[in-house]
Every structure is written in structure tokens, then in C-alpha cells.
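Here are some friendly notes to read alongside the model.

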Amino acid sequence: MNTTVTSLSEEEEQRIKVEILYENQRGIWACGTPYFSFKMLNPFDSPPWTDKYQRFSPVDIHSAQLPDPNWVWADPYWYIDKSEDVDEDGWEYSIIFQSNSWHGEYRFFRSFVRRRKWIRHRQLKDCKPTFADRQMRYPFPDSPKSTEELNPPKTDDIVTKLRECRIDRERFTLIKKYLETCEPSVLQTKIHDILCTLSYSSSRTRFLAMVNKQYPDIDTSQYLDDLDFYSDYKTVTAITSGKSS
């Protein structure tokens, strides 16, 4: 999703803050085409994700949390900032991450690394509940209250159950039981959806490792791009290499 950063009034700046994360990648030139990935970053590069000061960020756009319960997200999801000199996907290029010179188009021998800025606004909660809050907490007297609404039908679908969990620790309780009884052919069709329910890259790494261990015939290599950190990628590929040896 793409957007540009808009200026806030002085009053809005007191209530609304902008969270910024940078996604970083290194690239190579192969067969006349540039290829970029966080997996190519070397020890002297910036980490795959950094904050607005270019410092290491332990979270990414999938796992970032609000600082405390007094805040809510003003944006439904993270956006790519395209307000500066960037390409159509929001990337800006340079020779090294420490450079002060960045450009919005790929230039041969001057574009070894790239980064793009993700933004999301958060705002302080209003003291006065919104209409949606009031309707949720105090339903209208004439609102329907059928048994089906008060007690939604239960489902055996693992993905639905995982989405209802609050934290990854609860999800892994269900995942462990599911992996003990599921059919490999069914699991293969659900791996991507299960990965999408997990909040952290470390959780996605753990899940793929469990699949590799319990179902060695299932190829999980196509899901490695769902991992955010190079160390997670190495963990899973190490297990995959062990299967094939």
C-alpha cells in the first residue's frame, strides 16, 4: 500500500504520532538484471529492519506493537512513503547504507543497496467513546440477540482457530495438536495461511522447523520469503539441508 506523508497541525501532533520503519536490502547484478534481498545483507550493512534513526529494530511491520494501551492505530496498516525521490515501489538506492546520497532509480555501479520507508500513524484514545465503541459495549435494545449471534458456531478449521488466539504462545498450543493428527496433503495447503496468523518471524521460523521435522516429505522452501531475518532463514534451511542429506 502506498501513500505520502501529510503534515499535521500542532494540535494533531500532540495526539498523533508517526511510526517509521525502514526495510533494507542488498542486491547483485546477474544476467543483466538486478536482484535484491535482505538475505544478501553482510555484517557491515544495516539490519533488515531499522527505525527512523537507522538503528536496529527488533520488530518489523508485521510484529510492531503500540507502546501502551493509551494508543490506537490511526491507520489500518503500514504504508510505503512515496513522498521523496523513490521508484514506483518506494525504494531508494545508494552505494552503502551509511551514504548521505540516495536516488530513486537503479543506477549500475551506484545501487548496491536499497531501502524503503514504511509509516503508520498512532493516536491517543479519546476519553469519550466513539459511536462504534458505544454500539459494541451497549447494543441497541432492538438489536437481534439470536442464539447463533451470542454463541457463534464452532469450527474445526485450524486457520480460523489460530486467528481467534491473542498471542503466538496460544497458537502453538493448537499447532502442536494439529500437527500430530493432520494429513500431509491438507497441511501443505494450509502452511501459508498458518504463517500469516503468526505475529513474529521467530514464530514463523519455529512453525516451519516443526513441519520440516514432523513431515520431512513436505517442501517448505517456497515459504522462506515469509521470514524476516537472515538468522531465521538460516535456521530453517539448516533443517532442510539435514533432511536431504
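**Notes on the model**

1. The largest cavity is lined by Tyr-22, Asp-81, Ser-83, Glu-84, Val-86, Gly-90, Glu-92, Arg-115, Arg-116 and Lys-117. On a 1 Å grid over the protein atoms alone, a cavity is a set of points where a 1.4 Å probe fits but cannot get out, and lining residues have an atom within 4 Å of a point. This is a predicted model, in which local features need pLDDT of at least 70 and side-chain atom pairs pLDDT 80 or more, while totals for chains, interfaces and linings use all residues. Numbering starts from 1 along each chain as its sequence is written, and side-chain values use heavy atoms, without hydrogens and water.

2. The largest cavity has a volume of about 70 Å³, the space filled by probe spheres set on the points. Across the whole structure, the search finds one cavity of 30 Å³ or more.

3. Six charged residues line the largest cavity, along with two polar and two nonpolar ones. Asp, Glu, Lys and Arg count as charged, Ala, Val, Leu, Ile, Met, Phe, Trp, Tyr, Cys and Pro as nonpolar, and the others, Gly among them, as polar. Strand β8 (residues 113-124) gives the most to this lining, with three residues; strands are DSSP runs of E, at least two residues, and helices of H or I, at least four.

4. The second largest pocket has a volume of about 280 Å³. Of its 17 lining residues, Glu-19, Ile-20, Leu-21, Asp-51 and Trp-78 are the closest to its centre. A pocket is an open set with protein on both sides within 12 Å along at least five of seven lines. Its lining has 11 nonpolar, two polar and four charged residues, and strand β2 (residues 16-30) gives the most, with four.

5. The axes of helices α5 (residues 168-181) and α6 (residues 184-197), lines fitted to C-alpha atoms over the stretch in contact, come within 12 Å and cross at roughly 175 degrees. The two are therefore roughly antiparallel (angles over 145 degrees).

Technical notes. Axes are lines fitted to C-alpha atoms, for helices over the stretch in contact, and angles run from 0 to 180 degrees between N-to-C directions. Angles under 35 degrees count as roughly parallel, over 145 as roughly antiparallel, 65 to 115 as roughly perpendicular and the rest as oblique.
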